[in-house]
Amino acid sequence: MSEQEQNKVAMVIVAHPDDAEFGAGGTIAAWAREGWDVYYVICTDGAGGGPDNAEDVGPAARRAISETRKREQRAACEVLGVKDAIFLDYPDGQLQPTIELRRGLVRLLRRYRPTRVICQSPDRSWSPTFIIPRFHPDHLAAGQAALAAIYPASQNGWDFPELLEEGLLPHKVGEVYFTGAPVMNYAVDISETFDLKIAALRAHASQLGDRFAELEKMFRTRSAELGAKYGMAYAEEFHRSENQPPGAAAATSTSSPEATQESLAPPRPLAPTRGATTMDEGTRP
Ligand SMILES: [Zn+2]
């Protein structure tokens with residue numbers, strides 16, 4: 001087993017406080033329970049998360065909202081067993097997949113050296129129907145920046161030579177889990193951690209407080225529907241991709257003990273692809 005395979009470090013890169021809990025809270029709690037060190041990177045300051053009809057949207061109000069949301073995010077991290085949350089503080093609502101953001105993410109990838117990364121989809125889905133609130137431009141930008149940081153920049157010393165000078169050696173991320181992707185190919189069993197996901201979401205009181213009961217019901221129904229698809233009580237769904245050269249064979253994950261903790265999607269034909277996207281099969285305990 002290589003050093004990288006033994007490195008039970010995961011990084012979650014998202015645009016806003018609460019994005020991680022919405023998309024992957026159950027998975028994050030499950031990994032933390034399995035001994036993974038999970039770190040969050042929140043790209044924006046969350047300052048745009050006030051009521052839509054607010055009249056005071058000045059700097060002081062924005063600062064107050066940002067501080068509240070960071071506090072709520074840290075509380076949610078505590079619930080899920082996340083080691084730390086790093087805030088990059090780009091202005092909420094204006095995130096762009098810039099070279100500066102990419103460099104910042106590469107710096108963190110090389111410093112923390114995660115085997116797994118959870119990030120947001122850089123693409124919108126038009127099927128079965130376009131859902132307007134699902135595709136906040138910050139989410140797409142965060143997804144695009146994360147993916148560009150993972151490949152090739154993090155693993156290629158020629159990208160951002162100044163980082164090499166900082167002593168940050170290239171690092172290859174092994175697996176990427178996209179939330180909200182147009183094509184999903186992987187499920188994580190969150191039956192044991194669903195309640196933690198709900199408790200972590202509850203920590204985001206400034207965002208969800210007044211409609212939490214309704215949201216919890218919606219999450220329970222949605223997670224159970226997804227679970228039914230995969231033979232689990234509750235599930236979270238991802239597009240999972242392994243970082244392999246084009247044409248490499250799909251890994252089976254059977255050598256990875258933690259893989260047995262996750263139930264996988266039933267075998268489904270994959271479209272022929274030259275890319276590294278794979279779907280693991282047959283590792284159910
Ligand atoms: Zn968001």
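**View 1. Helices H3 and H7.** Helix H3 (residues 59-80) packs against helix H7 (residues 194-202) at an angle of about 165°, with their axes 8 Å apart. H3 is therefore roughly antiparallel to H7 (angles under 35 degrees count as roughly parallel, over 145 as roughly antiparallel, 65 to 115 as roughly perpendicular and the rest as oblique). The crossing of H3 with H7 is right-handed, the near helix being turned clockwise from the far one by less than a right angle. Ala-76, Val-79 and Leu-80 of H3 meet Leu-196, Ala-199 and Ala-200 of H7; two residues are in contact if their C-beta atoms, placed from the backbone, lie within 7 Å. These residues comprise six nonpolar, no polar and no charged (Ala, Val, Leu, Ile, Met, Phe, Trp, Tyr, Cys and Pro count as nonpolar, Asp, Glu, Lys and Arg as charged, and the others, Gly among them, as polar). The model is predicted: local features need pLDDT of at least 70 and side-chain atom pairs count only at pLDDT 80 or more, while totals for chains, interfaces and linings use all residues. Residues are numbered from 1 along each chain as its sequence is written.

**View 2. Helices H4 and H5.** Helix H4 (residues 99-112) and H5 pack at an angle of about 55°, with their axes 9 Å apart. H4 is therefore oblique to H5. Their crossing is right-handed. H4 contributes Leu-101, Arg-102, Leu-105, Val-106 and Leu-109 to the contact, and H5 contributes Ala-145, Ala-146, Ala-148, Ala-149 and Ile-150. Nine of these residues are nonpolar, none is polar and one is charged.

**View 3. The largest nonpolar core.** Val-12, Ile-13, Ala-142 and Ala-146 touch the most other members of this core of 60 residues. Helix H5 (residues 137-150) gives the most to the core, with seven residues. Such a core is a set of buried Ala, Val, Leu, Ile, Met, Phe, Trp, Tyr and Cys residues joined through C-beta atoms within 7 Å. A residue is buried if 20 or more other C-beta atoms lie within 10 Å of its own, exposed if 12 or fewer, and partly exposed in between. Leaving aside neighbours within four places in sequence, Ala-146 is in contact with Ile-13, Leu-105, Val-117 and Cys-119.

**View 4. Surroundings of Leu-169.** Leu-169 lies in the loop between helix H6 (161-165) and strand E5 (175-179); helices (H or I, at least four residues) and strands (E, at least two) are DSSP runs, numbered from the N terminus. Leu-169 counts as exposed because it has 11 C-beta neighbours inside 10 Å. The C-alpha atoms of Leu-169 and Arg-110 are separated by 6.3 Å, although the two are 59 residues apart along the chain.

Note on methods. Axes fitted to C-alpha atoms, helices over the stretch in contact; angles between N-to-C directions.
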